[in-house]
Amino acid sequence: MTHWFSIVNISSAIFDRNAPDLDSCPDESLPEFAFIGRSNVGKSSLLNMLAGKGVLARVSPTPGFTKLINFFTMSKTWRLVDLPGYGFAAGAKQESARFNKAVARYLKHRPNLCCVFALLDSGLAPQEIDLEFVEWLTRNSVPFALVFTKTDRGTPEEVAANIAAFTARIAGWFEQLPEIFRCSATTAQGRSELLGVIGATLDAIPAESEPTPTTAPLPPEEIEPPFSMKVRAGNVREENPREKKKLKGARPW
Ligand SMILES: Nc1nc2c(ncn2[C@@H]2O[C@H](COP(=O)(O)OP(=O)(O)O)[C@@H](O)[C@H]2O)c(=O)[nH]1
Ligand SMILES: [Mg+2]
């Protein structure tokens, strides 16, 4: 990851809209980075830690609007997308019914979605609903990274054990694990790393969409693909029949 320290600065954070479905989303002109997790995972706190100044809190969804997809335009160059959560740990079947179909459609079909940050509580052992959601992302080739929240709460050993337990459960699905971030809204741990990944992805985009250069292009191995492309193309292990069967039975979100 050569651009690791190219941290994106947030000069402005402007609420764009709440979208109830894919068709109501803003145009596809800006790269998008989406955040999702179970209720109470610390998403609102993390988003405000990232954006600073409590800007996003002022327009955070009220209870009646929790199923809407919230778009914020950041520094006029990218969008932060606050996705509705996927319910509570108890009663998996009810959750499935509650899960917002618009979110599934957004995740599967949004062409300018660069990366989904899947939030997980670092204070908890692996939760089935989180594992199923990550499996769904994997099966649908959605580019994602894992963000373990509230790392200030437990001891470093507890946090490490929970992260290790989660990654052990998903390791078989990949040739290479997704990126993992450790974050705390309290101490701002992980802020520069998350903004670094966003910055690196944004850095990589203009090179992709530039018109054909008049000078000779770099040899392929020197071109750094955007973060999202790496996740899409490189990480997911080729399916074998056994895995296919396992994944096929998973709940459609
Ligand atoms: N210690 C600690 N508490 C946190 C952190 N992030 C969130 N919380 C607490 O966890 C609860 C849920 O946080 P919130 O951001 O509202 O979660 P959301 O439902 O996912 O938006 C609140 O009581 C927060 O104060 C964190 O990084 N450290
Ligand atoms: Mg919230």
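Author: Helices and strands are here DSSP runs, counted from the N terminus; a helix is a run of H or I of at least four residues, and a strand is a run of E of at least two. The model is a predicted one, in which local features need pLDDT of at least 70 and side-chain atom pairs count only at pLDDT 80 or more, although totals for chains, interfaces and linings use all residues; side-chain values rest on heavy atoms, with hydrogens and water left out. Residues are numbered from 1 along each chain as its sequence is written, while chains are lettered from A and ligands numbered from 1 in the order in which they are written.

Helix α1 spans residues 43-51. Seven of its nine residues are buried, so that the helix is mostly covered (buried means under 20% relative accessible area, exposed over 50%, and partly exposed in between, with a 1.4 Å probe and protein chains only). The buried residues are K43, L46, L47, N48, M49, L50 and A51. Just after the helix, G52 takes a positive phi of about 80°.

Ligand 1 is surrounded by 14 residues, the closest being N40, K43, S45, D152 and A185 (a residue is counted if one of its heavy atoms lies within 4 Å of the ligand). By type, this shell has two nonpolar, seven polar and five charged residues. In that division, Ala, Val, Leu, Ile, Met, Phe, Trp, Tyr, Cys and Pro are nonpolar, Asp, Glu, Lys and Arg are charged, and the others, Gly among them, are polar.

K150 occupies the loop between β6 and α5 and, although not a glycine, has a positive phi of about 60°. K150 counts as buried because its relative accessible area is 16%. A polar side-chain atom of K150 is 3.3 Å from an oxygen atom of ligand 1, and one of R153 is 3.4 Å from a nitrogen atom of the ligand. A backbone N or O atom of A185 comes to 2.7 Å from a ligand oxygen atom. On its own, ligand 1 exposes 580 Å², of which the protein buries 69%; such accessible areas come from the Shrake-Rupley method with a 1.4 Å probe, and for residues only the protein chains shown count as cover.

The rest of the chain gives this site its setting. The protein chain has eight helices and seven strands, and 46% of its 253 residues count as buried. In soluble globular proteins, nonpolar side chains tend to be buried together. A nonpolar core is a set of buried Ala, Val, Leu, Ile, Met, Phe, Trp, Tyr and Cys residues joined through side-chain atoms within 4.5 Å. The largest one here has 35 residues, among which L83, Y106, L107 and L146 touch the most other members. Two or more residues each come from β2, β3, α3, β5, α4, β6 and α5, with α4 giving the largest share, six residues. Apart from this core lies another of 28 residues, including L50, L56, M74 and F181. L50 is also one of the buried residues of α1.

Beyond four places in sequence, L146 touches A118, L120, V134, F166, I170, E179, I180 and F181 (a contact means heavy atoms within 4.5 Å). I180 is found in strand β7, and its C-alpha atom is 4.8 Å from that of L146, 34 residues away along the chain.

E32 is buried, because its relative accessible area is 0%. The side chains of E32 and Y106 are joined by a polar contact of 2.8 Å. A polar contact is a pair of N or O atoms within 3.5 Å; within protein, one must be able to donate a hydrogen and the other to accept it, and residues adjacent in sequence count only if both atoms are side-chain atoms.
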